[in-house]
Amino acid sequence: MNIGVLAVQGAFIEHKHIMEKLGANCTLIRQKKDLENIDGIILPGGESTVQGKLLKQLDMFNIIKDKIANGLPVLATCAGLILLAENIENDDRKHLATLPVTVKRNAYGRQLGSFETRDSFGDIKDFPLVFIRAPYITNVSSEVKVLSTVDSNIVGVEYKNQIGLAFHPEMTDDYRIHQYFLDKISQ
């Protein structure tokens, strides 16, 4: 199995290391040709505006959008969630817009508002949730499955081939969400 990790900006190397520890091959996606022969893609945390701009400059935006729309499994964390969201509550921009949710950027505040907690992600119990300048989801379509909430805010969802997280599982030593993603690809 070959997992592509978007590597134009943000916290991509942590995802790569986890995928390799779980036995997957990993391709760091920095240009169009890197998108060939991948079985899934990870859109990491970082800065969504910069990532969206770079995807367009590197001529990868439409390719990634089409691949996801045609069923390529995707795991998106923090900024990656913002890239996937159909709507961004406090921003007029839209990026890939393949996930029928509305997100609020920096919903938990700036860097000083970062925090950690533990909660469930679907059937995964007692998972460490790390929030760094995190968004949360303010609205979901009826087809979206909510997998995690913190203080009544939606922070983890699944829709068809897409998993969107407001938190950073790659910043923990708990690989269960990454394994969940790999298991979905294997099905």
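**Helix faces, core and rings**

Helix α5, residues 176-186, has I177, H178, F181, L182 and I185 as its buried residues. Seen down the axis of α5, these buried residues fall within an arc of 145°, so they line one face of the helix. Buried means under 20% relative accessible area, exposed means over 50%, and partly exposed lies in between, with a 1.4 Å probe and protein chains only. Helices (H or I, at least four residues) and strands (E, at least two) are DSSP runs numbered from the N terminus. The arc is that of the directions from the helix axis to the C-beta atoms.

The model is predicted: local features need pLDDT of at least 70, side-chain atom pairs count only at pLDDT 80 or more, and totals for chains, interfaces and linings use all residues. Residues are numbered from 1 along each chain as its sequence is written, and side-chain values use heavy atoms, with hydrogens and water left out.

Helix α2 spans residues 48-57, and its buried residues are S48, Q51, G52 and L55. Viewed down the axis of α2, they fall within an arc of 100°, so they line one face of the helix. K53 and Q57 are exposed on the face turned away from that buried side. The cover over the buried residues of α2 includes β1 (2-6), α3 (61-69) and α4 (79-84). At the N-terminal end, E47 caps α2, with a side-chain oxygen 3.1 Å from the backbone nitrogen of T49. Just after α2, D59 takes a positive phi of about 60°.

Within α2, Q51 counts as buried because its relative accessibility is 0%. Not counting residues up to four places away in sequence, Q51 touches L6, Q9, G10, P44, G45, G46, A79 and L83; contact means heavy atoms within 4.5 Å.

Helix α3 can be read in the same way. F61, I64 and I68 are buried in α3. Down the axis of α3, the buried residues fall within an arc of 75°, so they line one face of the helix. On the other side of α3, N62 and A69 are exposed. The buried residues of α3 pack against β1, β3 (40-43), α2, β4 (74-77), α4 and β12. Just after α3, G71 takes a positive phi of about 105°. The ring of F61 also has the charged end of K56 over it, 4.8 Å from the ring centre; a charge sits over a ring if NZ of Lys or CZ of Arg is within 6 Å of the ring centre and within 35 degrees of the ring normal.

The next topic is the nonpolar core. In soluble globular proteins, nonpolar side chains tend to be buried together. A nonpolar core is a set of buried Ala, Val, Leu, Ile, Met, Phe, Trp, Tyr and Cys residues joined through side-chain atoms within 4.5 Å. The largest one here has 60 residues, of which I41, L43, I64, F131 and F167 touch the most other members. Leaving aside neighbours within four places in sequence, I41 is in contact with G4, I29, L35, I64, L72, P73, V74, L75 and F181.

How many aromatic pairs does a search of the whole structure find? The search finds 5. Rings of Phe, Tyr and Trp (its six-membered ring) pair if their centres lie within 6.5 Å; planes under 30 degrees apart count as stacked, over 60 as edge-to-face and the rest as tilted. The rings of F127 and F167 have centres 6.4 Å apart and planes at 50°, so this pair is tilted. The pair links distant parts of the chain, 40 residues apart: F127 is in strand β8 (residues 124-131), and F167 is in the loop between β12 (162-165) and α5. F127 is buried at 0% relative accessibility, and F167 is buried with a relative accessible area of 0%. Ring pairs join F115, F121, F127, F131, F167 and Y180 into a cluster.

Strand β12 also holds Q162, which is buried with a relative accessible area of 2%. The side chain of Q162 makes a polar contact with the side chain of T98 at 2.7 Å. A polar contact is a pair of N or O atoms within 3.5 Å; within protein, one must be able to donate a hydrogen and the other to accept it, and residues adjacent in sequence count only if both atoms are side-chain atoms.
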